[in-house]
Amino acid sequence: VDNNGYGSHPFFLNLETGGPASNANAHGVFLLNSNAGEVATQPVGSGDNGAVTYRMIGGILDFYIFLGPSPLSVVQQYSDVIGRPYFPPFWSLGYHICKYGINTEADLQNLINRNRAAQIPYDVQWGDIDYMTSHRDWTYDKDRYGNLPNIVKDLHDNNQRYIIMADPAISSEQPAGTYPPYDDGVQMDIFVKNDAGSILIGQVWPGKTAFPDFFHPKAVDYWYKQAKEFHNQIPYDGLWIDMNEPSNFVDGSVSGCTSNELDNPPFTPATIDGGKLIYQTICPSAKHVISTHYNLHNMYGWSQSNVSRRTLDLLYGNKRSPIITRSSFAGTGKLVGHWLGDNFSTFPDLYYSIPAILNFNLFGIPQIGADICGFNGVTTPELCTRWHQLSAFYPFMRNHADISSPYQDPGTFQLPFRDYMKTAIELRYRLLAVLYTAFYRAHTQGLPIVRPLFFLYPGTEAIDKQFMWNDQLLVSPVLDKGASSVQAFIPDDVYYDFYTGALVAQRGQTVQLNAPIDYINVHVRGGSILPLLPVTQRTNLSRKEKFQLIVAVAADGTASGELFWDDGESIDSVSGNKYSDITFSLTNSNHLTSTVVKGGYNPPEGVRLATVILYGINHSPGSVSVNGKGATFNYDASLKVVHVNNLDVDLLTPLSLVLN
């Protein structure tokens with residue numbers, strides 16, 4: 001639908017035609033402009049090279065052109081301008097559960113208990129507005145949620161975390177002196193003003209509300225005071241900033257807007273309500289300290305993200321913390337992550353999440369995900385199973401449902417579907433170190449994590465039902481109701497079944513892959529080395545385990561990979577060289593070595609290797625040596641896979657594994 005949504009990212013990547021059969025013919029264009037506007041594309045036709053037309057209603061035309069020449073380099077060049085993505089803490093890569101409509105502390109405790117009882121890997125519990133007093137930020141209801149401090153303590157005691165909601169709209173209806181978030185805002189003159197200079201009043205969940213001006217020089221002081229005082233009561237671990245377009249249940253304000261050209265411009269782009277800029281937001285004529293809302297609307301979510309990031313950095317000191325925003329703008333990924341908003345419990349929405357997540361990786365927001373099983377409507381065991389399988393590869397993995405929807409956390413389902421979902425989440429936990437290393441490369445080099453196939457294989461631009469993790473894993477999910485197989489394109493390259501190591505015989509064509517309800521097809525690209533972890537129920541526990549390496553041999557007998565490892569949460573782990581970076585290399589299909597590029601982090605349990613599995617070994621080795629000593633191994637002649645077991649190797653010293 002060509003209407004406005006949650007964010008604005010005036011950036012596109014284009015692949016030029018008529019050049020060589022390679023992907024080295026890409027460029028990108030970014031318009032740094034925060035005003036409302038619309039972009040029209042003119043398709044390529046006979047004798048016509050196509051065109052992009054911008055119609056902006058303000059600001060300047062500040063264009064950046066990125067010359068690539070590869071799609072990957074275009075994305076990196078874009079991140080040079082807007083900022084590298086922030087580095088989330090390790091624990092935030094685990095599985096998250098949320099639900100709007102957890103009405104009491106007993107309901108919350110039941111949800112936690114049933115998922116623990118089902119032994120679901122589960123790191124983070126979220127609180128929607130249910131826990132608040134009358135939906136007011138920075139409060140909790142002492143009647144319905146009086147035991148929330150103890151529930152959060154119990155989560156922490158069980159290696160779990162708790163994330164709260166912090167909508168921008170601040171209740172303005174209570175008596176003076178009874179609600180500090182409003183009283184402080186008035187005293188600090190922090191709220192957005194209407195055209196006449198008074199506090200603009202809208203209406204959101206708590207009733208009548210004011211909106212903080214997050215561009216205000218005192219915004220961090222104001223927001224930190226509220227965050228700190230509430231953290232003293234409920235020691236939450238991250239923030240969810242929602243409704244920050246900003247959303248408003250009335251058009252403009254409770255008293256309307258002006259009739260001037262800011263509120264009624266001569267041209268407006270397509271919007272949900274037929275071109276009204278005031279529709280369910282605040283008046284464009286509203287005043288921030290640096291400009292009017294007319295110029296800043298598209299950056300309001302960014303401004304709350306900016307202030308929230310600075311706030312949590314002050315609150316937690318040297319610890320990284322996750323923030324997930326609904327509204328976003330170019331550069332938001334430097335500060336926070338994003339979720340795709342209010343989707344539906346349908347198979348089409350399961351599919352739509354893939355191109356959306358691919359887009360946000362282009363936009364420099366790799367911490368991205370969709371509400372697992374769908375937010376609106378009623379999911380089914382089959383749909384929720386397929387969604388968990390796909391979401392194992394969402395960089396941000398959260399199950400969330402609306403107040404009118406039934407519970408859809410794994411623990412609420414009957415067998416066998418509960419176990420199907422558990423298996424999908426366990427796959428995610430095996431891949432935690434791969435994902436964390438990818439976030440390190442996103443943070444330091446601007447590399448996207450979830451990528452379309454055409455980044456690696458030209459001619460696959462139309463494929464949007466499969467995707468890559470880095471250039472290592474090919475994911476081919478089931479996206480159709482009742483399907484037990486999937487049509488998947490296998491590139492003309494070496495690929496192995498992720499689970500077994502079996503070589504995929506058919507290449508350069510679309511094939512039909514078996515996909516029973518408990519299975520998602522994942523293939524490892526030849527030339528990849530993946531550091532995996534054993535399955536646990538908490539990321540903190542996973543960190544204490546020994547690693548497993550999967551080595552997928554390329555056609556030329558080589559492979560390479562990397563492991564980034566730090567304490568999982570320090571802000572200065574990269575800048576302070578408090579991390580270890582280990583690279584792996586296979587040559588001649590028989591010699592695996594490692595290089596400790598940096599050894600700045602060595603935890604008490606060490607960084608140790610237990611198992612190496614090599615895919616694509618055509619002949620059984622006579623023996624295997626690891627650092628000069630004989631090692632236990634077995635060879636599967638049908639799969640051409642070597643398992644080297646029972647190791648206890650220090651990865652912070654160079655590794656040499658030889659198949660003799």
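Colleague: How much of the chain over residues 85–438 is helix and how much is strand, and how far apart are the end C-alpha atoms?

Modeller: In this predicted model, the chain over residues 85–438 is 32% helix and 10% strand, and its end C-alpha atoms are 11 Å apart. According to an unreviewed UniProt entry, that range carries the annotation "domain: Glycoside hydrolase family 31 TIM barrel".

Colleague: Why is C373 called buried?

Modeller: The word is used for a relative accessible area under 20%, and C373, at 0% relative accessibility, therefore counts as buried. C373 is found in the loop between β17 (368–369) and α9 (381–391), and, leaving out residues up to four places away in sequence, C373 touches residues including L383, C384, W387 and N399.

Colleague: Why are α9 and α10 described as roughly parallel?

Modeller: The description applies to angles under 35 degrees, and α9 packs with helix α10 (residues 417–430) at an angle of about 10°, the axes lying 8 Å apart, so the two helices are roughly parallel to each other. Among the residues that make the contact are C384 and H388 of α9 and Y420 and M421 of α10, and by class the contact has seven nonpolar, four polar and two charged residues.

Colleague: Why is T437 buried rather than exposed?

Modeller: T437 has a relative accessible area of 7%, which is set against a limit of under 20% for buried, and T437 is therefore buried. The place of T437 is in helix α11 (residues 432–445), and T437 touches E562, L563 and F564, not counting residues up to four places away in sequence.

Colleague: What makes β29 a partner of both β28 and β30?

Modeller: Seven bridges join strand β28 (residues 559–565) to strand β29 (residues 580–587), and eight bridges join β29 to strand β30 (residues 591–599), whereas at least two are needed for a pair, so β29 pairs with each of them. Both pairings run antiparallel; A559 has L586 of β29 as its bridge partner, and F584 stands opposite S594 in β30. In the hairpin of β29 and β30, with three residues between the strands, N588 takes a positive phi near 55°.

Colleague: Why is one side of β19 and of β23 left without a neighbour in the sheet?

Modeller: These strands belong to an open sheet of five strands in the order β19-β20-β21-β25-β23, with antiparallel pairing. Both β19 (450–451) and β23 (495–497) stand at the edges with a single partner strand each, so one side of each has no neighbour in the sheet. Within that sheet, three bridges join strand β20 (residues 467–469) to strand β21 (residues 473–476), and F467 stands opposite V475 in β21.

Notes:
Residues numbered from 1 in each chain as written. Predicted model: local features only at pLDDT ≥ 70, side-chain atom pairs only at ≥ 80, totals over all residues. Heavy atoms only, no water. UniProt positions renumbered as here; feature names shortened; annotations may be inferred. Helix = DSSP H or I, 4+ residues; strand = E, 2+ residues; numbered from the N terminus. Buried < 20%, exposed > 50% of the residue type's maximum accessible area, 1.4 Å probe, protein only. Contact = heavy atoms within 4.5 Å. Axes fitted to C-alpha atoms, helices over the stretch in contact; angles between N-to-C directions. Parallel < 35°, antiparallel > 145°, perpendicular 65-115°, else oblique. Nonpolar A, V, L, I, M, F, W, Y, C, P; charged D, E, K, R; others polar.
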